[in-house]
Amino acid sequence: MDAVFYALALNAITMKKKQKPSKKSRPTAKPRVQHERLKGWNEIASFLGQPVAVAQRWARSGMPVMREGRFMYASREELSRYLGREAGLDVPVHIATENTDLSADLKLALAHARAGKHDEKKKAKR
């Protein structure tokens, strides 16, 4: 009898329902490290804040991109300089991201604008 009871107890232990793992919440998105080089049209377009078709059109009109194999690559720094030139500025354009502190850029832009107004006043007095 003990052998039968032992076998049933052993069977009951092994037949216990396995606990289902609790549903894990979706992991939070890790902040992406900003690499110097952008790979592919999707990364280039998202950096510019434009659709892929616009990025491709800008590339045909002179935006600095390079083809290596089957992928297009672009440098963040070169794209910023290109956008600055296209906007008629002598400084690169800073493209803001969610984690960017814009206060330094605002101060620089205000100083640049004030310097331009002083130059206009001097030219008007002459």
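How many bridges join E1 to strand E3, and which way do the two run? I counted 3 bridges between E1 and E3 (residues 71–75), and the pair runs antiparallel. My notes call strands paired if DSSP finds at least two bridges between them. Strands (E, at least two residues) and helices (H or I, at least four) are DSSP runs, numbered from the N terminus.

**Ground rules.** This is a predicted model, where local features need pLDDT of at least 70 and side-chain atom pairs count only at pLDDT 80 or more, while totals for chains, interfaces and linings use all residues. Residues are numbered from 1 along each chain as its sequence is written, and side-chain values use heavy atoms, with hydrogens and water left out.

**Confidence.** I looked up pLDDT, the predictor's confidence in each residue, from 0 to 100. The protein's mean is 75, and 60% of its residues reach 70 or more.

I found an open sheet of 3 strands in the order E1-E3-E2, with antiparallel pairing. E1 (37–39) and E2 (66–68) are the edge strands, each pairing on one side only. On average, neighbouring strands here are turned by 35 degrees against each other, direction ignored. I also spotted leucine 38 standing opposite alanine 74 in E3.

**Helices over the sheet.** H2 lies across E1 and E3, at about 125 degrees to E1. H4 lies across E1 and E3 too, at about 70 degrees to E3. For angles, I used axes fitted to C-alpha atoms (for helices, over the stretch in contact), with 0 to 180 degrees between N-to-C directions.

**H2 and H4.** H2 (residues 40–48) packs against H4 (residues 76–86) at about 45 degrees, axes 11 Å apart. That makes H2 oblique to H4 (under 35 degrees is roughly parallel, over 145 roughly antiparallel, 65 to 115 roughly perpendicular, the rest oblique). Contact here means heavy atoms within 4.5 Å. I see Ile44, Phe47 and Leu48 of H2 meeting Arg76, Leu79, Ser80 and Leu83 of H4.

**H2 and H3.** Their axes come within 8 Å and cross at roughly 95 degrees. So H2 is roughly perpendicular to H3. On the H2 side I listed Trp41, Asn42, Ile44, Ala45 and Leu48; on the H3 side, Val52, Ala55, Gln56, Trp58 and Ala59.
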